Amino acid sequence: MKIAVVGTGYVGLVTGTCFADSGADVTCIDIDEKKVERLRRGEIPIYEPGLEELIERNVKAGRLKFSTNYAEAVPGARCVFICVGTPTRNDGSGAADTQFVEAAAKSMAPHLSDDVVVVVKSTVPVGTNHRVESILRQETGRAVDVASNPEFLKEGAAIDDFTKPDRVVVGVARNEVAKVLQELYSPFLRNGKPFLVMGRESAEATKYVANCLLATKISFINEMANLCERAGADLNDVRRGIGHDQRIG
């Protein structure tokens with residue numbers, strides 16, 4: 001399957017490389033010409049164990065390429081992944097800035113194939129996939145399938161997280177789109193882990209709820225550590241005591 005990945009940051013680079021290693025024909029796109037030139041020379045802008053070797057192998061095999069040109073990378077692609085940053089806005093609201101997601105949608109629009117699936121992998125507020133769909137309809141004059149596919153990667157373990165996921169979450173408006181993504185992810189789901197299909201808003205929310213729950217767990221155990229210290233209890237013993245409760249883990 002031919003795919004394009006917009007953005008060569010942490011998520012985009014890992015995503016594109018792992019898909020290439022599974023046999024897909026992948027082109028990673030970035031508007032930063034110097035960054036693309038460095039990637040072509042084998043200079044990796046991030047540190048992730050095993051990533052450099054994986055990129056080198058797939059570039060040599062011709063399955064992984066880097067480009068600044070949407071017209072070169074997007075035509076004929078069955079899936080185009082948006083993996084650009086969504087930094088916090090500078091207006092003090094704390095809201096995510098989706099301008100780069102929207103810019104990517106506008107840039108790819110003239111080059112999209114009729115059967116393409118545009119996949120938003122960036123962490124975005126609920127409703128962003130619908131916004132991307134509206135932009136693509138306005139730019140192309142036709143309906144374009146847009147799917148949500150949030151990432152759950154840990155730095156330092158991103159390749160294992162991608163190739164051996166706990167689950168793959170996709171949000172779609174049509175079941176046919178889910179089938180395309182399931183085919184793409186099938187090499188990574190041989191361990192029997194679930195491929196979870198839901199609405200796009202639910203998939204967008206899943207990413208934020210997961211982040212909030214993980215942050216809550218960390219904050220909670222830190223507070224319990226303070227209480228244990230005051231009470232003369234050993235937090236490690238307490239963690240073992242509660243961890244065997246299947247409701248807690």
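How many nonpolar, polar and charged residues does the lining of the second largest pocket have? In this predicted model, that lining has 11 nonpolar, eight polar and three charged residues.

**The second largest pocket**

The volume of the second largest pocket is about 380 Å³, and of the 22 residues that line this pocket, G7, C83, V84, G85 and F100 lie nearest its centre. Two elements, α1 and α5 (99-108), each give two or more residues to the lining of the second largest pocket, and it is α5 that gives the most, with four residues.

**The largest pocket**

About 500 Å³ of space lies in the largest pocket, whose lining is made up of 22 residues, with E151, F152, L153, D161 and R167 the closest to the pocket centre. The elements that give two or more residues to this lining are α1 (10-21), α7 (158-163), β7 (168-171) and α9, and the largest share, four residues, comes from α9. Sorted by class, the lining of the largest pocket has 12 nonpolar, two polar and eight charged residues.

**The cavity**

A search of the whole structure for cavities of 30 Å³ or more finds one, and the largest cavity has a volume of about 30 Å³. The residues that line this cavity are S122, T123, V124, S148, P150, A203, E204 and K207, which divide into three nonpolar, three polar and two charged. Helix α9 (residues 200-231) provides the largest share of the cavity lining, with three residues; α9 also provides the largest share of the lining of the largest pocket, with four residues.

**Cysteines**

The structure holds zero disulfides. For C79, the closest cysteine sulfur is that of C83, and because the two sulfur atoms are 12 Å apart, they are too far from each other for a bond, the cut-off for a disulfide being 2.5 Å between cysteine sulfur atoms. C83 is also among the residues that lie nearest the centre of the second largest pocket. As for accessibility, C79 counts as buried because its relative accessibility is 0%, whereas C212, with a relative accessible area of 48%, is partly exposed.

How values were computed: Residues are numbered from 1 along each chain as its sequence is written. This is a predicted model: local features need pLDDT of at least 70, side-chain atom pairs count only at pLDDT 80 or more; totals for chains, interfaces and linings use all residues. Side-chain values use heavy atoms; hydrogens and water are left out. On a 1 Å grid over the protein atoms alone, a cavity is a set of points where a 1.4 Å probe fits but cannot get out, and a pocket is an open set with protein on both sides within 12 Å along at least five of seven lines; lining residues have an atom within 4 Å of a point. Grid points are joined across faces, edges and corners, and a volume is the space filled by probe spheres set on the points. Ala, Val, Leu, Ile, Met, Phe, Trp, Tyr, Cys and Pro count as nonpolar, Asp, Glu, Lys and Arg as charged, and the others, Gly among them, as polar. Buried means under 20% relative accessible area, exposed over 50%, partly exposed in between (1.4 Å probe, protein chains only).
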